Amino acid sequence: MVFVNNYSPEPEISEEELYGPEPYDLNFILPVPLVLSTDKLRLVPFIPCVDAAAYFEAVRGHETIYQFICVADKTAVVFAVIDTTRLDPKHPELEGSLAGIFGLLQTDKTNLVTEIGPAIVLPAFQKTHVASHAVGLLLKHILDIAPSGLGLRKVKWTAFLLNLPSNKLAQRMGFKFEGLIRWTCVIPRYWSTWVLPCGFVEPHLPTL
């Protein structure tokens, strides 16, 4: 039997590898606006070297915020949600406070369809104006005809059964229930109950 075991420690990750090159390439299939705003909120493209430090600082200790997030889409675009009604003395460059991240994924420019997600509101900003303003801005941008918007014809929202805030937000913002989606993604085995998007529960799903 012949084999080798050429172990070498992983090299230090450079800042460029951690946060991406400058300028950061959003690599989205459709045009990305510089800013979308209301009188209380601003959406700007999430740039890791600008927004990541404030984001990870805010979610530290609140990792359960990810319990319903399982979609990985390398074509997604993510926006930083800035609440302009609160200033953050630690990050004055934001001209407000980082309140969460919202994005677009599963975007199909041929069939003019996209999905809002991820939709993450940081704990300190939940049950405020943040979620409704963020979704409203995205809906207007998605559905408005170009050049003021993307001119798409359908926006999807996928949520797990137990994610009541997400389901309620979708209903409040005018989304209509269309049906159950099964076997959409694999969720971690450490969950006590397997939950599928849009309202179907299965006690024993296989994992990868």
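Helix α2 spans residues 48–59, and its buried residues are Pro48, Asp51, Ala52, Ala54, Tyr55 and Val59. Here, buried means under 20% relative accessible area, with exposed being over 50% and partly exposed in between (1.4 Å probe, protein chains only). Helices (H or I, at least four residues) and strands (E, at least two) are DSSP runs, numbered from the N terminus. After α2 comes Gly61, which has a positive phi, near 90 degrees.

A quick word on the source: this is a predicted model, in which local features need pLDDT of at least 70 and side-chain atom pairs count only at pLDDT 80 or more, while totals for chains, interfaces and linings use all residues. Residues are numbered from 1 along each chain as its sequence is written, and side-chain values use heavy atoms, with hydrogens and water left out.

Stepping back, the protein chain has four helices and eight strands, and along the sequence they follow the pattern α-β-β-α-β-β-β-α-β-α-β-β. Buried residues make up 39% of the chain's 208 residues. A contact means heavy atoms within 4.5 Å. Of the contacts in the chain with a separation of 6 or more, 56% are between residues 24 or more positions apart.

Now for strand β2, residues 41–45. Five of its five residues are buried, so β2 is largely enclosed by the rest of the structure. Leu41, Leu43 and Pro45 point one way, while Arg42 and Val44 point the other way.

What does β2 pair with? Two strands pair if DSSP finds at least two bridges between them. Strand β1 (residues 36–37) is joined to β2 by two bridges, running antiparallel, and the two form a hairpin with three residues between them. In this pairing, Ser37 has Arg42 as its bridge partner. β2 also pairs with strand β3 (residues 77–83) in the antiparallel sense, over five bridges, and here Pro45 is partnered by Phe79.

Leaving out residues up to four places away in sequence, Ile116 touches residues including Phe102, Leu104, Leu138 and Trp157.

On a 1 Å grid over the protein atoms alone, a cavity is a set of points where a 1.4 Å probe fits but cannot get out, and a pocket is an open set with protein on both sides within 12 Å along at least five of seven lines; lining residues have an atom within 4 Å of a point. The largest pocket is lined by 34 residues, with Ala119, Ile120, Asn163, Pro165 and Ser166 nearest its centre. β5 gives the largest share of this lining, seven residues. As for the largest cavity, the residues lining it are Phe28, Pro31, Val32, Pro33, Val77, Phe79, Leu104, His141 and Leu150.
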